[in-house]
Amino acid sequence: MTSPRRPDRAPRTSRTSGVGRLARFVDASRPGREPRASDAVRGSRARRPDSADPIASAPAHLSRRALTITGLLLPGLALAACADPVADSGAAGGAATGASDGGGASTGTVDTSGTQKLIRSTKDEAIAALVPPEIAADGKLTMATSAGGTPPLSFLADDNKTTIGSEVDIARLAADKLGLELDVQLTSWENWPLKLEAREYEVVHSNVGINAERLQKFDFASYRAAFMTFLASKDADFELSDAESITGRIIAVGNATNQEKILTAWNEQLTSEGKEPAELKNYSSDADVLLALGSGRIDAYFAPFASLTYTASKREEFVTQGKVDAGWPHQTLVAATFPRGSGLADPYAKAINALIAEGTYGQVLERWGLTEEAVTESAVHTAENP
């Protein structure tokens with residue numbers, strides 16, 4: 001349904017073109033590394049999209065590598081077509097705990113203390129026996145995750161020193177199943193690829209999406225689907241989910257991100273059909289976005305599903321709308337990432353499958369509000385077997 005512009009909205013007076021640079025190995029759903037001025041208006045036709053096809057309905061549960069392979073090896077999915085870290089939910093920098101910034105009532109009941117009760121598992125002797133000896137030797141699983149991330153993936157607890165979140169919880173469970181002690185290391189999104197290649201870490205859990213270029217350097221064990229969603233006022237009289245629904249709307253989106261790429265493609269489609277495109281705006285932080293959304297200066301915020309569903313659970317004035325695959329117009333998965341040829345991907349995938357079967361995997365996703373991104377099976381993805 002076409003959504004008309006609100007009559008009280010001021011006419012657009014400026015548009016800027018061009019795109020922000022994408023750092024090497026920085027996936028497009030991460031915030032832009034070189035933010036533009038706060039609240040700068042992005043041009044709706046700044047880039048020609050890779051595809052203007054309307055989004056197909058995405059399933060709530062994905063299994064194995066089905067639905068991913070057809071898109072993985074396409075050139076357009078190289079570095080900028082997966083679901084990657086959301087250090088600020090896709091805004092161009094700013095507060096790392098944007099889910100609780102910007103004022104408003106909090107309704108969340110998630111325990112974010114440093115002493116929260118951990119969900120644990122037990123060692124599976126058969127699976128543990130598959131761990132390469134050089135990794136098992138010290139009895140530890142060295143896992144890196146992004147520092148200063150956004151809830152619920154990986155972030156600092158209320159004590160400002162303990163790293164918690166769904167990424168840490170899944171890694172800890174896998175370590176339990178492999179009979180190893182989890183050793184959490186913090187890194188930046190820009191640095192993990194080189195450090196993982198140098199084998200400073202044994203696995204990375206940082207909302208990393210599988211794509212063709214990464215498959216040339218790393219092995220993967222999938223553990224979550226990857227979606228984008230819209231955050232809007234609970235009183236909104238519209239529903240956003242696809243290209244048609246965004247016509248004439250003002251939408252905040254992270255600079256030089258995959259979600260911006262999706263919206264730009266949709267704008268191109270709308271323009272080709274003679275319809276009014278959405279006005280895309282970049283902000284310097286999540287707090288600024290939420291203030292703009294709360295005051296009605298924007299209609300919605302388009303960012304990764306994981307962080308925005310968490311925000312909606314903590315802020316009663318907001319709701320999420322729609323669900324778009326982060327690899328649009330294809331589909332992708334989030335995966336544990338290993339040095340290529342390390343031999344850890346296979347036992348890790350088996351460990352995750354054991355966690356799925358016993359129910360602890362589901363408990364973690366339920367705790368952090370990520371049940372809709374659950375997979376029914378973990379699979380190994382390598383260059384030889386994508």
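## Aromatic rings

Which residues form one aromatic cluster? The members are Phe230, Trp266, Phe302 and Trp328. The structure described here is a predicted model.

Across the whole structure, a search finds 10 aromatic pairs. A pair of aromatic rings is described by the distance of the centres and the angle of the planes. For phenylalanine 155 and tyrosine 310, the ring centres are 6.4 Å apart and the planes stand at 55°, so this pair is tilted.

## A lysine over two rings

Lysine 323 has its charged end over the ring of phenylalanine 227, at 4.6 Å from the ring centre. The charged end of lysine 323 also sits over the ring of phenylalanine 305, and here the distance to the centre is 5.9 Å.

## Strand S3 and its partners

Strand S3 covers residues 140-146 and is mostly covered, with 6 of its 7 residues buried. S3 pairs with strand S6 (residues 181-187) in the parallel sense, over 7 bridges. S3 is also joined to strand S7 (residues 203-204) by 2 bridges, and these two strands run parallel as well.

## Helix H4 and its neighbours

Helix H4 (residues 166-178) meets helix H11 (residues 360-367), with axes that come within 10 Å and cross at roughly 170°. That angle makes H4 roughly antiparallel to H11, because angles over 145 degrees count as roughly antiparallel. On the H4 side the contact is made by Ser166, Asp169, Ile170 and Leu173. On the H11 side it is made by Thr360, Tyr361, Val364 and Arg367.

H4 also meets helix H10 (residues 345-358), where the axes come within 9 Å and cross at roughly 105°. H4 and H10 are therefore roughly perpendicular to each other. H4 contributes Ala171, Leu173, Ala174, Lys177 and Leu178 to this contact. From H10, the residues in contact include Pro347, Tyr348, Ala351 and Glu358. Leu173 of H4 takes part in the contact with H11 and in the contact with H10.

Note on methods: Residues numbered from 1 in each chain as written. Predicted model: local features only at pLDDT ≥ 70, side-chain atom pairs only at ≥ 80, totals over all residues. Heavy atoms only, no water. Phe/Tyr/Trp six-rings, centres within 6.5 Å; stacked < 30°, edge-to-face > 60°. Lys NZ or Arg CZ within 6 Å of the ring centre and 35° of its normal. Buried < 20%, exposed > 50% of the residue type's maximum accessible area, 1.4 Å probe, protein only. Helix = DSSP H or I, 4+ residues; strand = E, 2+ residues; numbered from the N terminus. Pairing = 2+ DSSP bridges. Axes fitted to C-alpha atoms, helices over the stretch in contact; angles between N-to-C directions. Parallel < 35°, antiparallel > 145°, perpendicular 65-115°, else oblique. Contact = heavy atoms within 4.5 Å.
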